[in-house]
Amino acid sequence: SRKVAETLNKKLQGIAYLRDVQIATPLEYPGIKTTIDRVKAGQLGLTVDAITKSTVAATSSSRFTQPNYWLDKSSGTAYQVQVEYPQYRINSSDQLGLVPVAGTSGNPVYLRDVATTQQITSPGEYDRINQQRYITITANIYKKDVGAAIKQVKNEIASLGALPQGVKIMLRGQADLLDQTMSELSTGLLIAIVVIFLMLTINFQSFRLSLVVLSVVPAVIAGALLLLFLTRQTLNIQSYMGTIMAVGVAVANAILLITNGEGLRKKQSNESYAITGAGNRLRPILMTSLAMIAGMIPMAIGLGEGGDQTAPLGIAVIGGLLFSTISTLIFLPAIYSAVIGKKIYKNPSLHPDDREDQQAETNTAIN
């Protein structure tokens, strides 16, 4: 794991917009390795356990090897009692070798008599996720969006090739959160379109009319993406929200036009109902779209504190509404007319009176 981490760390340091790239896990923590000579210890009547307990008490505390408690009978509270050398008494390997490990006052045995010490480096800590050890590599991003940085990091990870057995690389932190959020937003946008389609189908009692209304959605998405590209913005959480808002307004305008067109188709049999409906709803559609666009201009410019973060939302709304308005007024009537054609209007109601009225209107149109 350390070899893979060091290789990946060098690759990430070659990315210009990644700063402070480093292995956060302390792998080179200084330490002292003590090797006990079991032959000498046995000749002196010492065990490894006894030597270890004396050494641990000198370097850290006896609470790690022999917990002791003192009970305060007056309060019933148990206090932990531990033995520890003052740190200023143990500040070099030579002083560590003078730690007594056993023996009487007349014939003490020191650590240096039964063991040797050497300075080494070792991992300062072991981090685990679900009992699996891991090494952390951290970096800061300078003047680059998180999505593009994550994509480049994934490419560098892929360039490592096949990893050794038991080793895997995971992206955590903002990368994990961003992937989850973008996935949920994409799913939410798809679910919203499906729900709108089902509701329109129930309202118009026609799958064709529902598809005609939803034909403006591609124009919204194309307009939002194009304006984001021209302004050098990215597809992020804010722009996703703006696209969803633009889809809602565009669908409302399309419903307005189709509803008016269906009312005209009910009264006349020629194909001018589509163009007439667009002309009748021209002012409401323009007023709704222009009012929304005008309200989003300050946000798109990024005025005020933190305006750069919310600017993609306004840009996505403006781009989506510009394209959807043109599509609603020019292309939607053509699509509507092509799909419906000269078909006679049929009232979806099952009420007998409505059916009779529909039959009378049909006979009148035929005559």
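Mentor: What follows is a set of questions on terms, with the values behind them.

Mentor: This is a predicted model, in which local features need pLDDT of at least 70 and side-chain atom pairs count only at pLDDT 80 or more, while totals for chains, interfaces and linings use all residues. Residues are numbered from 1 along each chain as its sequence is written, and side-chain values use heavy atoms, with hydrogens and water left out.

Trainee: How many helices and strands are there in the protein?

Mentor: The protein has 14 helices and 10 strands. Both are DSSP runs numbered from the N terminus: helices are H or I with at least four residues, strands are E with at least two.

Trainee: Why are α1 and α6 called oblique to each other?

Mentor: Helix α1 (residues 2-13) and helix α6 (residues 146-158) pack at about 135°, and their axes are 10 Å apart. The axes are lines fitted to C-alpha atoms over the stretch in contact, and the angle runs from 0 to 180 degrees between N-to-C directions. Under 35 degrees counts as roughly parallel, over 145 as roughly antiparallel, 65 to 115 as roughly perpendicular, and the rest as oblique. The pair α1 and α6 is therefore oblique.

Trainee: Which residues make that contact?

Mentor: On α1 they are L8, K11 and L12, and on α6 they are V153, E156 and I157; contact means heavy atoms within 4.5 Å. By class, the contact of α1 with α6 has four nonpolar, no polar and two charged residues. Ala, Val, Leu, Ile, Met, Phe, Trp, Tyr, Cys and Pro count as nonpolar, Asp, Glu, Lys and Arg as charged, and the others, Gly among them, as polar.

Trainee: What makes α8 and α13 roughly antiparallel?

Mentor: Helix α8 (residues 207-214) and helix α13 (residues 307-340) pack at an angle of about 160°, with axes 10 Å apart. That angle falls in the roughly antiparallel class, so the term applies to α8 and α13. The contact joins R208, L209 and V212 of α8 to L332, I335, Y336, V339 and I340 of α13. By class, this contact of α8 with α13 has seven nonpolar, no polar and one charged residues.

Trainee: How do you know whether A219 is buried or exposed?

Mentor: A219 has 15% relative accessibility, so A219 counts as buried. Buried means under 20% relative accessible area, exposed over 50%, and partly exposed in between, with a 1.4 Å probe and protein chains only. A219 is in helix α9 (residues 217-230). Apart from neighbours within four places in sequence, A219 is in contact with F323, S324 and S327. Of the 367 residues of the protein, 31% count as buried.

Trainee: What is the phi of D20, and is D20 buried or exposed?

Mentor: Phi of D20 is near 55°, a positive value in a residue other than glycine. Most residues other than glycine have a negative phi. D20 is found in strand β1 (residues 18-23). At 52% relative accessibility, D20 counts as exposed.

Trainee: Where is K143, and what is its phi?

Mentor: K143 is in the loop between β10 (137-141) and α6. Its phi is near 50°, again a positive value in a residue other than glycine. The relative accessibility of K143 is 74%, so K143 counts as exposed.
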